[in-house]
Amino acid sequence: MKKVYTCLVLAVGIVLSGNTQTLKVVDESDGRVINTPTIQFYSPVIINGTSTVELVGNGSGEFDFTGVTVDSFVVMHPDYFTKIVRSSRLATDNYRVKLVRKIINLDEYILSVNKEKDPREHSPFYINVLTTKTIENTNASTTADLLQINGSVLVQKSQLGGGSPIIRGFEASRVLIVVDGVRMNNAIFRAGHLQNLLRVDQNTLDRAEVMFGPGSVMYGSDAMGGTMYFKTKDPVLSSSGKLLFGGNVMVRLGSADFEKTGHVDFNIASKKFGSFTSFTFTDFDDRWQGANGGLDGDSLWNRDFYVERINGSDSVFVNPDKNRQVQTGYWQMNAMQKFLFAPNSKDKHTVNIQFSTTSDIYRYDRLTEVSAGTARFAQWYYGPETWVMGSYRYERTSNNWKIGAGLTYQYFNESRNSRRLYNNNLTIQDEKLHAVNANVDVYRYLKKHELKFGFEGLFNTVASTAERRNVNTDTLVSGSNTRYADGGNNYYAVALYIHDTWFASPKITLTGGVRLNYVGLNCQFKDTTYFPFPYTTANQNYFAVNGHLGFMYALGKDWRFALLASTGFRAPNVDDMTKVFDSAPGQLFVPNPNLQPEYSINGELNITKTFFKQVRVELVGFGSYLPSMIAPLPFTLNGADSVVYDGIPSAVYASQNADQGYVVGMNANIQANITKYFAMNSSLTYTYGRLIVSGVEQPLDHIAPLYGRTAAILNYKKWYAEASVIYSAPKLLVDYSPSGEDNLQYATPLGMPGWYTFNAKIGFAVNKYLRIQLAVDNIMDVKYRTFGSGVSAAGRNFMVTLRSTF
């Protein structure tokens, strides 16, 4: 494995001298020091009285060349092109070696599969990797936008402060969010659409990975469609006894929603102790949708009206600019603090604290609904969404062993606030969730095996309350039905896993793993005044086994075949078992205490061809059989198939284990370093899914239409430029799920139209301290919505960004 990160040097003509010099390896584009390059010599040289054939870069990217002069040597880093350096040029270049960063790295490592660095070729999974530089160049406003802009996923949005990724026909609680090795998914992650991904600050990310397909062996429940793995930046320790201090400042402005973002982070460290601090604040005004496209004379999705409260009463106003999506603006604040203590080369202690909160976030799709010819709601908004994570992790590395153990606490607070037009009473549903997670991971590296095994335990407790308050007097009017069981909700799980990678031969690699899961749930319905359920408790205990087997075959140096068979599962959580909500007007969801886990049986074939070590073509075919999938289906409450809810006759639905279902599809990806300075990439995803109920097929929800992205990238010295097109085929009416989860009411009578946008970016590094970025997205000002969305995407959006490094 070390060979991937080792510099291959053809150094000759070694001459010893008495010169004293420090050599630095820097990025050609901005002059920033590269932290971990490596130099090897053809034969031993004497440095500080020690004979060596290799120099490994320290945290500051400096090499001590005291007493050494060589005729030539080669410098290499996994993220940069190899460079042969002649000593005669060192003095002229002020002892700085400039490397050109690879625009596309075909030899990148991955973290998401085994929670540890592994070469990509050791895994049968299809994985998209976004490095720090890619994240910076993408310059996205939110983490959800970051994934969609890079073609990894399609993102559904119900409001500007939303972003629910769809991976291979799975969404929300069926895909897993992992932050620094800790699962963010909790007991109230719903099956519809989520915005929790936005709590992750993309400005603090060291890398992001999307692993497609079940990740249940390493992560357990929920990782059915895929895993989104986010690794935030760690403190960088000083390589000497001197105090190390540095940081970054970023300011960004956007025109489509008048985005105003400010970010600052700084690192301060000694040789053994380091601190990394980060703060980000973003403010969005109302979003402007595109002016071109759509149906009915460009009137589709116009914001014709909005409601304001004037002198204690509701007033409906005509929107003077139909493309301004009034009541979409919000603000968000993120902070992170990490401490790292490394008393020696083997032990490492990390404390990780992250915090995110928002203003009220308007539920834009609900605010556009019409009843009796006027607005249905005067107010519908999420209260401030707060997430706190605090974790401690200990790691020890010794010879061929590595052991990691962690303890994490998370706190989530969210609320839903709604009020009908001309009604003075605001309904408030509030949820507070506490989550504790403990895990131990052990890695053992043998001659032909990489063995991982470990333990995980988690516990969630949810408190759900509700009330109605008079908005004029701010007084309590009455109680109200809670979203979840009001007598307390507990969700818990323990698991053991083992995973092995066997390098059977230079051409054949096998992987396999199994996980044993025990999951429990206990919910109490205390007050049944508003819904007289025929039960007062929901208790479930499940035992599940899941695993995967992978086979990889390398045909020569250019062809690679990977075959993967896996199983995934998802245990019903508090949201599945006890939720009461209206997903759409006239449709009410009620609890189903008899719900059972859902499972998937999956197969995947990956064929990869590499040309000239510069171009990689990857084709993936996948399929999932779902024998007991949880799906929203018609239900009865006390024998009735419909009830009156919030004044509206509503059909009763509940989450139920359907007979069966299936999902099939393909991913295609091309990555090409055409030259050292010019690259292209393109990705395409197709998914097809059906649910089978009583022998009859119907469209499965969350199945995105065909979508993709194609980009051309230039990275020449101080300049960076990118042109891209992002596109989606239409989602036809016949392919919409009858459950309502696909939000047909926010599309068109024929479904969701197809769309494409042209986008351009350019960046210039003034010096190693200052970089300027300019961008224009949706150049043609197209009016469109991504599949399942209730708010339109941004129209033509100009962005200006300044980045400073100190």
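Strands β48 and β49 form a hairpin with four residues between them; strands here are DSSP runs of E of at least two residues, numbered from the N terminus. The model is predicted: local features need pLDDT of at least 70 and side-chain atom pairs count only at pLDDT 80 or more, while totals for chains, interfaces and linings use all residues. Residues are numbered from 1 along each chain as its sequence is written, and side-chain values use heavy atoms, with hydrogens and water left out.

**Strand pairing**

Two strands pair if DSSP finds at least two bridges between them. β48 (residues 660-673) and β49 (residues 678-693) run antiparallel and are joined by 14 bridges. Within this pair, Y662 has R690 of β49 as its bridge partner. Eight bridges connect β49 to the antiparallel strand β51 (residues 707-716), where I713 is the bridge partner of A679. Four bridges link β49 with β50 (residues 696-699), again in the antiparallel sense, and L691 stands opposite Q698 in β50. β49 and β50 form a hairpin with two residues between them, and S694 in that turn has a positive phi of about 55°.

Another group of strands, in the order β12-β13-β14, forms an open sheet with antiparallel pairing. Because β12 (154-156) and β14 (170-171) stand at its edges with a single partner strand each, one side of each has no neighbour in the sheet. Three bridges hold β12 and β13 (residues 164-167) in their antiparallel pairing, with V155 opposite P165.

**Nonpolar cores**

A nonpolar core is a set of buried Ala, Val, Leu, Ile, Met, Phe, Trp, Tyr and Cys residues joined through side-chain atoms within 4.5 Å; buried means under 20% relative accessible area, exposed over 50%, and partly exposed in between, with a 1.4 Å probe and protein chains only. The largest core has 85 residues, and M228 is one of those with the most contacts inside it. A second, separate core of 17 residues includes F63, F65, F73 and V85. With contact meaning heavy atoms within 4.5 Å, M228 touches residues including L147, P165 and I177, not counting those up to four places away in sequence.

**Salt bridges**

The structure holds 47 salt bridges, each being a side-chain nitrogen of Lys or Arg within 4 Å of a carboxyl oxygen of Asp or Glu.

| Pair | N to O distance |
|---|---|
| D234 and K338 | 2.7 Å |
| K452 and E450 | 3.2 Å |
| D575 and K579 | 2.9 Å |

D234 lies in the loop between β18 (226-232) and β19 (244-254) and K338 in strand β26 (residues 330-341), so this pair ties together parts that are 104 residues apart in sequence. D234 is partly exposed, at 34% relative accessible area, whereas K338 is buried at 2%. Both K452 and E450 are buried, and D575 and K579 are buried as well. Salt bridges with shared partners also join D30, R32, K133, E136 and R771 into one network.

A775, in strand β56 (residues 770-777), is buried at 12% relative accessibility. The C-alpha atoms of A775 and I762 are 6.3 Å apart, although 13 residues separate the two along the chain.

S737 belongs to the loop between β53 (731-732) and β54 (751-752) and is buried, with a relative accessible area of 11%. Leaving aside neighbours within four places in sequence, S737 is in contact with P699, L700, D701 and D742.
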